[in-house]
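Try each task before reading its solution.

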Amino acid sequence: MMAASREHAASPAVLGTGRRAAATPLPPRSALGAVLGSDRAFMLLATVPCAIWLLVMTLGPALFNLVASLTPMNLTRPGSGWDFSQPFANYLLMREDDLFLNSLWVQARLSFWSVLLQMAMGLGIALILNIQTPLYQRLRTVFLVPMVLPPIVVAVIWKVLYDPSTSPLYWFMGLFGLDDVASMTTSADWALTAIIIGETWEWFPFTMLMILAGLSTLPEEQYEAARIDGASTLQITWEVVLPHISNVLIVAAIFRMIDSFKAFPLIYVLTSGGPGHVTDTTNFYSYRQAFEYSFIGYSSAITVVLLSITTVLSIIALKLVKWRRTDG
Amino acid sequence: MHPTDSSSSRLAPSRRRFLTTAGAGTAAILAPGFLHAKGRFDGTTINASMFSHGFVNLLRPMLGQFKDETGITVNLVDKAFPIYNQQTDLELATGGTSLDVISISFIYTARWIGTGWMEPLDPFLNNAEATPADWGRNDFVEALQKYGRSADGKITYGIPWEAGVWLMAAGRGDLMDKAGLANGGLPASFDELRENCRKLKALDASVAPFINDTTHHANYPIYLQGLGGQVFKNAPDNLTPLLNSPQAAAAAEIYAGLLRDMGPQGVLSMRTDQVAGLLRGGQTHYWHYALPWLVNAAKGDSAIARTVRFGEVPAGPSGKFPSVVTHSLGIPKYSRKKGAAWEFIRWAMSPKVQRHMAVEQGYAATTRTSILRDPAFVKNMTINGTNVAGLVEKTLAGSEKKDYMNYRIVSVFPIIGGHINSAIQKIASGQASGAEAMAKAQSDILVDFKKNQIKTDA
């Protein structure tokens with residue numbers, strides 16, 4: 001039956017030449033014809049061009065980035081993009097580039113604190129909103145607002161809030177005689193915190209949404225059983241709810257961590273990496289190297305390092321999820 | 001007939017006559033010399049890109065007039081300065097053909113012209129049909145025009161449209177008089193500036209004595225050169241940075257100290273328009289910056305319109321070194337409509353259009369000598385008794401004589417500028433001393449120079 005079906009699928013009738021084909025006997029099949037006539041080969045023929053196209057579109061720029069990182073490519077120096085005489089020069093130079101090393105440290109702190117705060121806020125608010133009341137149901141939508149705003153709008157909102165000459169917060173503090181409160185974005189002690197606050201506000205709804213989805217899959221029976229056993233609300237949360245959504249938490253944290261490496265509009269609008277280099281994250285440093293100084297090759301090398309770090313962290317996190325599943 | 005109808009009927013022809021006369025006058029101002037282009041370029045559309053500036057705002061409404069005269073439609077796009085520079089840099093570097101006219105940013109002069117990305121304008125300038133003799137090629141201030149030429153000064157690539165001359169505005173003359181400051185509050189030296197700031201702060205702490213935006217790389221050199229320091233050993237021939245010198249550290253302490261101790265909260269992240277807003281609102285005293293910003297902040301319904309005073313920037317022991325920058329209109333090498341592009345530049349920078357902008361519409365940063373000395377312009381630019389046009393001419397003459405702005409037009413200046421900005425921020429935010437911050441800037445610059453394979457003595 002299967003063979004017949006294959007014969008039919010490959011027959012000229014199916015390809016639109018049925019009348020003539022029906023009148024003439026089928027010629028004997030060549031080996032190539034047999035291969036091309038199979039379902040598997042047909043499927044491959046149909047999908048391989050799309051797969052190649054997708055590969056080119058997704059891996060092409062990454063590959064170009066990798067190749068560019070092996071050159072001293074500089075837009076002001078024609079031919080520098082083809083100079084492979086010192087393929088690892090950019091990577092070797094990174095070791096003595098204090099600003100790059102500083103950017104890694106800034107990036108690590110920004111990622112750690114913003115992801116931690118987003119997870120904590122997302123979890124806390126999701127647990128509250130999971131209580132089934134009409135008010136909380138409506139509030140879910142309100143809490144999504146920061147996430148759906150265009151990132152540049154979020155940056156402008158925080159720019160206004162942090163700027164002493166325009167901020168309603170500073171105006172309010174001024175009413176109580178607090179005129180000398182330092183501007184957060186220009187203070188070396190507070191600038192990174194200012195970015196972390198903005199980043200957390202923008203993205204906690206994402207973790208909240210994921211956790212809410214996880215909570216909705218928790219069977220009611222497990223709550224019931226815990227309550228019958230006399231567990232308190234805190235115990236239920238700790239012993240029943242959190243273990244159930246732990247994988248969701250890990251996945252949400254991975255997503256947010258990867259995204260935190262891409263933080264850009266807030267830094268660009270609020271601090272431009274300053275004061276000094278206090279908020280100069282690796283991503284922003286890479287941007288400056290490429291677009292302000294034209295060091296395309298060096299900037300590409302930085303992004304390769306950044307990509308490697310993100311990939312390694314993601315693999316570790318995914319292994320963790322897998323390990324928890326098999327362990328559980 | 002109702003009496004009012006009668007009066008309005010008497011007024012109507014008069015108003016019509018006025019509008020007709022005004023329209024004809026404007027046309028007469030703008031038209032001669034350009035009519036020949038009509039037909040040659042009819043139906044042509046060119047793309048012009050500049051950074052956001054009052055010049056663009058004044059030019060844009062006149063583009064219809066230009067189209068009527070030449071048949072050329074101009075898509076004039078403006079963007080914020082850093083965005084403009086990045087996009088244009090990328091467009092030029094990649095040989096893009098989408099732009100026909102651009103503004104050659106001062107700090108990118110060597111890079112865009114020196115790399116061969118701009119079209120020489122001499123074939124147009126030397127062609128009597130493309131450029132009539134009365135266009136006044138030599139009318140542009142030489143101190144500005146020279147930055148639109150090749151390094152050897154032989155080929156012209158840009159026509160200067162902004163005289164970005166650094167002056168000092170002292171916004172609250174009323175408080176300066178109250179504080180008993182000498183010379184009307186306009187400081188002659190760095191020490192006097194600091195002393196005046198201290199007195200003004202003591203008098204009224206709600207008005208910030210000193211302010212500036214984030215372009216420290218344009219303001220810090222005033223102090224650096226004033227103390228006898230240099231950015232480079234000998235720009236453009238020897239680009240060894242000298243930011244670890246004692247003068248560089250001392251200058252950074254003075255300038256960053258003024259921002260830290262005398263600036264308003266958040267001064268380190270203030271954009272130019274924010275600073276202008278504070279000066280305009282009378283919330284700050286001293287701002288040394290490019291002329292058009294200062295004049296605009298003092299005019300119209302400005303709170304400081306009657307109290308502002310203008311002077312030169314203060315001097316250090318080695319003299320006075322006000323920044324002088326200019327941006328020029330030029331044609332990218334890969335433009336496919338160079339003829340029409342030149343037609344636009346010639347029209348925009350013509351004596352009549354420029355005079356119209358400067359005298360009728362108040363554009364302060366004119367680049368033509370004849371307009372700088374025009375009595376009507378001088379009258380416009382006399383603010384609270386000070387002939388600001390005269391100050392501009394004096395500053396331009398000084399810059400031409402001393403020739404101290406070369407540090408700013410080398411191709412690596414964007415790198416230097418970025419590190420100067422960071423160093424000043426570090427000092428002003430208390431992260432480092434002047435010596436530490438400038439020494440770090442020096443070493444960071446050398447690392448960046450390695451990436452760019454720039455040879456230095458270090």
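**Exercise 1.** Find which residues ring pairs link into a cluster in chain B.

*Solution.* Start with the rule: rings of Phe, Tyr and Trp (its six-membered ring) pair if their centres lie within 6.5 Å. Over all chains, the count is 35 aromatic pairs.

This is a predicted model, where local features need pLDDT of at least 70 and side-chain atom pairs count only at pLDDT 80 or more, while totals for chains, interfaces and linings use all residues. Residues are numbered from 1 along each chain as its sequence is written, chains are lettered from A and ligands numbered from 1 in the order written, and side-chain values use heavy atoms, without hydrogens and water.

**Exercise 2.** Describe how the rings of A:Phe143 and A:Phe204 pair.

*Solution.* Planes under 30 degrees apart count as stacked, over 60 as edge-to-face and the rest as tilted. With 75° between the planes and 6.1 Å centre to centre, A:Phe143 and A:Phe204 are edge-to-face. A:Phe143 lies in helix H7 (residues 134-143) and A:Phe204 in helix H11 (residues 191-215) of chain A, so the pair ties together parts 61 residues apart in sequence. Helices here are DSSP runs (H or I, at least four residues), numbered from the N terminus.

**Exercise 3.** Decide whether A:Phe143 and A:Phe204 are buried or partly exposed.

*Solution.* Buried means under 20% relative accessible area, exposed over 50%, and partly exposed in between (1.4 Å probe, protein chains only). A:Phe143 has 25%, so A:Phe143 is partly exposed. A:Phe204 has 4%, so A:Phe204 is buried.

Key:
Helices (H or I, at least four residues) and strands (E, at least two) are DSSP runs, numbered from the N terminus.
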